[in-house]
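Please look over the model shown here. A short report on its two chains follows.

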Amino acid sequence: MTKSSWIQIDLSVNPSGIDPEGKCGPVGLFIAPHQMPKAVRGFLDAGRGVYVIELRYPDDEEFKRERQDDFVCVRLGKHSRRLLGLELSTSNPLSINSVQLRTPDVERIEEAVDLLIQQESSCKGRENYSLAKKAIESKRTLLATELFATA
Amino acid sequence: MNRRFLHNVFNVVVGVGALFNVLFAICLKTEVDSVWPVIRPLLTSIQQRIWWLWPIVTLVMFSARMADKRFCDKWGFEAVKEMLEILREKAFPENSDPQHHHRVTLFRYRKWRICLRKWPWSGWLVPVVRSGHTTQHRKTCFLAPDDADKAEGIVGRTWSTCGVIVVPDFAKNQAVLPNLLFEEERPHDIHPIADVYSKATYVSIDWVLKNLPGARSFMGIPVTVKGVPWGVIVVDSRNPHIENSSRVYEAYNLISRPLIKCIERLQ
């Protein structure tokens, strides 16, 4: 398994946009740094037969897998339940080319994260999933290049 | 002699000590007649001296471990301190004020602490490392109990909300905190301004009157290690507000990974 290098993310997020009505209580001016993904990478785990999209945070954490559907399995932090990654089944291959992840795949990834957001009861959790989704979206082209290179 | 070398020496001492402990346990249970005649004298000799050999070896192991922690792990604190200095420089660039007017402190959560206050097992946020070279011995701890509403101070509030807190928060129209230090600005009856200060900073009015804190603006950043809340970084200043809070936030984002790696070492 060749892991590609991390792609740095610079999310210029307006936190008030995430909790505009202040329902989450005193969240302050900024999002907690540990909720914000710092980097993302994509690679093929041939041993397990999955494409992996990993997210990196200030601190590393063990994860547990939760299957969302036949295609997507999410990696959630054991303690924090942060979104640490997504595993995409290769039995249902991605239609990637060297340029970008095709729209149907991106949509399926987004659907999986949206489902997580719907299921999550805490504001902090929803905040993290939204940021993770945004991070993957923002690096869509680079991720496709990495996935294509390791596949 | 550098610290890494010392660390290796201490580790070898601990390892060899552990091997001796195993050897002593075996010697104690082995009957002299059941072993080869060649090693019988050695076994007898060890068995005769084990009553003082064993405690000495254990003591040496314990001392090596303590010395390792005391002298060799210091680099972890120094590295963290350097990173806090970076945050401080980003927060208060090009200022000629004394260092203790603008500080960055790393607090660590401890379930227990030896203190005369009630209750030592309530959960506390204890200062571990502070920027600068002054006010290093002031070890004010803040309550961080399971009942999060009772968490004390900006540090306790940051801990309980697990979010970044800035006080005064101009986005929420919070007023500037009163200056408790300058005699000429202090009214005869300090209670009303101490009350304002205590409410804005989540501490009791008694605490404010006793300590007369100089800081007038704060920024609290939660720190997690391996997905678990570990502590809080607090930036405090005598300025009415932290002008560069977004710059501090960006600087923290830059140093957060190496900082947390060092913190893991401090555990």
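In chain B, what percentage of the contacts with a separation of 6 or more is accounted for by residues 24 or more positions apart? Such residues account for 56% of those contacts in chain B, two residues being in contact if their C-beta atoms, placed from the backbone, lie within 7 Å.

This is a predicted model, in which local features need pLDDT of at least 70 and side-chain atom pairs count only at pLDDT 80 or more, while totals for chains, interfaces and linings use all residues. Residues are numbered from 1 along each chain as its sequence is written, and chains are lettered from A and ligands numbered from 1 in the order in which they are written.

Chain B has a radius of gyration of 26 Å, whereas a compact globule of 267 residues would have one near 18 Å. The radius is taken over C-alpha atoms, and the globule rule is 2.2 Å times the number of residues to the power 0.38. The C-alpha trace of chain B spans about 90 × 40 × 35 Å along its principal axes.

Of the 267 residues of chain B, 30% are buried (20 or more other C-beta atoms within 10 Å of the residue's own, with C-beta atoms placed from the backbone). In chain A, buried residues make up 40% of the 151 residues. Among contacts in chain A between residues at least 6 apart in sequence, 61% join residues at least 24 apart.

How values were computed. A residue is buried if 20 or more other C-beta atoms lie within 10 Å of its own, exposed if 12 or fewer, and partly exposed in between; C-beta atoms are placed from the backbone.
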